[in-house]
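I set out to read this structure from its division into parts down to single residues. My entries follow in the order in which I looked things up.

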Amino acid sequence: MTEFEALQKRVSVRSYESRAVEPEKLSELAALIDEINSASGLAFRLINTGDASVPAVKLSGAMFSGTVSSCALLIGGADEISSEMVGYFGEKLMLRAVSLGLGACWVAGTFDRKSVNVELHDDQRLWGVMPLGYATAKVPLKQRTIRAAIRGKDRKLEDFIESDHPVSSLPKWVMAGVEAVKAGPSAVNQQPVNIVYKDGLVTARIWKEKANSLKYNDLGIAKYQFQVAAEAAGVRGFWNFGDGGEFIADN
Ligand SMILES: Cc1cc2nc3c(=O)[nH]c(=O)nc-3n(C[C@H](O)[C@H](O)[C@H](O)COP(=O)(O)O)c2cc1C
């Protein structure tokens, strides 16, 4: 599965089979985490209990069902840029998990922090956890209802773009990126990030002033989603970090 196919397939999985993830898949995720940490200065970690019946993290029963014996800990600095990097690289990790046939979810709030045994430096923060496991073949009614309720408040595609051109005239690769931002995850589905296309420049900005404290996670996630979709549409590039950071397309 390509990364873009994983992006199209991804949803927040909240119901898991009590089935262990194979060691080869865990090794691939561990290698990616090593790569991410050395490229970014983040301190992501993979936890695996080695026993399908022993959870790696206690997820809230109000939102989740089943047991996950593997999960990633999304650890990084407490500042805005680190928070954004957690989002950007966390989404890269999530799409790799999906491409390996796994289900995952960003979980910043609805888990028991005490169930995660981790020592943090003073300048570090556990931004969230990412359970990694197998989605149940049938999604239980409760989890279907949760997703439908949250996703039911999606903004319209045109609302994700700010431009001095009519939306219908924007380059295809930009629109592919905007669609991927809309389809991507955000904390409580606040969708606080817009893509700005002005004077031929593409930037990403947090439009929602009152967004919650995870808005920089959301900014990084949106940028990664955009980048993967733009590349699938033929335009490779990279982002400058920061609110208002620019997407620099390769020539
Ligand atoms: C930073 C972040 C934190 C999140 N925290 C939680 C959480 O604590 N519990 C939960 O059930 N979902 C959590 N989510 C998942 C969002 O609710 C979900 O991405 C959003 O509703 C869109 O649905 P989808 O991911 O299925 O497309 C979080 C997502 C993000 C990006």
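**Entry 1. Where the ligand lies.** I began with the ligand. Domain 1 (3–142) and domain 2 (153–249) both give residues to the shell around the ligand, so it lies between them. The domain bounds come from an automatic or database domain assignment. I noted that this is a predicted model, in which local features need pLDDT of at least 70 and side-chain atom pairs count only at pLDDT 80 or more, while totals for chains, interfaces and linings use all residues. Residues are numbered from 1 along each chain as its sequence is written.

**Entry 2. The shell.** Which residues are closest to the ligand? I found 23 residues around the ligand, the closest being Ser12, Trp106, Ala108, Gly109 and Pro185. A residue is near a molecule or strand if its C-beta atom, placed from the backbone, lies within 6 Å of it. By class I recorded 12 nonpolar, seven polar and four charged residues in the shell. Here Ala, Val, Leu, Ile, Met, Phe, Trp, Tyr, Cys and Pro count as nonpolar, Asp, Glu, Lys and Arg as charged, and the others, Gly among them, as polar. Helix H4 (141–151) and helix H6 each supply at least two residues of this shell.

**Entry 3. The chain as a whole.** I then turned to the secondary structure, which comes to six helices and nine strands. The radius of gyration of the chain is 18 Å, close to the 18 Å that the globule rule gives for 251 residues, so the chain is as compact as a globular protein of that length. That radius is taken over C-alpha atoms, and the rule is 2.2 Å times the number of residues to the power 0.38. Helices (H or I, at least four residues) and strands (E, at least two) are DSSP runs, numbered from the N terminus. Along its principal axes, the C-alpha trace spans about 55 × 40 × 35 Å. I also noted that 41% of the 251 residues count as buried. A residue is buried if 20 or more other C-beta atoms lie within 10 Å of its own, exposed if 12 or fewer, and partly exposed in between, with C-beta atoms placed from the backbone.

**Entry 4. Between the domains.** How many residues of each domain are in contact with the other? I found 18 residues of domain 1 in contact with 18 residues of domain 2. The elements giving two or more residues to the side of domain 1 that touches domain 2 are helix H1 (3–9) and helix H3 (80–99). H3 gives the most to that side, with 11 residues. The residues of this side divide into 10 nonpolar, three polar and five charged. Two residues are in contact if their C-beta atoms, placed from the backbone, lie within 7 Å. The centres of the two domains, taken over C-alpha atoms, are separated by 23 Å.

**Entry 5. Two helices.** I compared each helix with its expected span, which is 1.5 Å times one less than its number of residues. H3 has 20 residues and reaches 29 Å from its first C-alpha to its last, close to the 28 Å expected. Of its 20 residues, 16 are buried, so H3 is largely enclosed by the rest of the structure. Gly101, with a positive phi near 90°, follows H3. H6 (residues 215–232) has 18 residues and reaches 26 Å, close to the 26 Å expected. I found 16 of the 18 residues of H6 buried, so H6 too is largely enclosed by the rest of the structure. Gly234 follows H6, and its phi is positive, near 105°.

**Entry 6. Loop residues.** Asn189 lies in the loop between helix H5 (172–183) and strand S6 (193–198). Its phi is positive, about 50°, although Asn189 is not a glycine. Is Asn189 buried or partly exposed? Asn189 counts as partly exposed, with 17 C-beta neighbours inside 10 Å. Gln191 is found in the loop between H5 and S6. Its phi is also positive, near 45°, and Gln191 counts as buried, with 22 C-beta neighbours inside 10 Å. Gly152 is exposed, with 8 other C-beta atoms within 10 Å. Gly152 and Asn189 are 37 residues apart in sequence and 9.5 Å apart in space, C-alpha to C-alpha.
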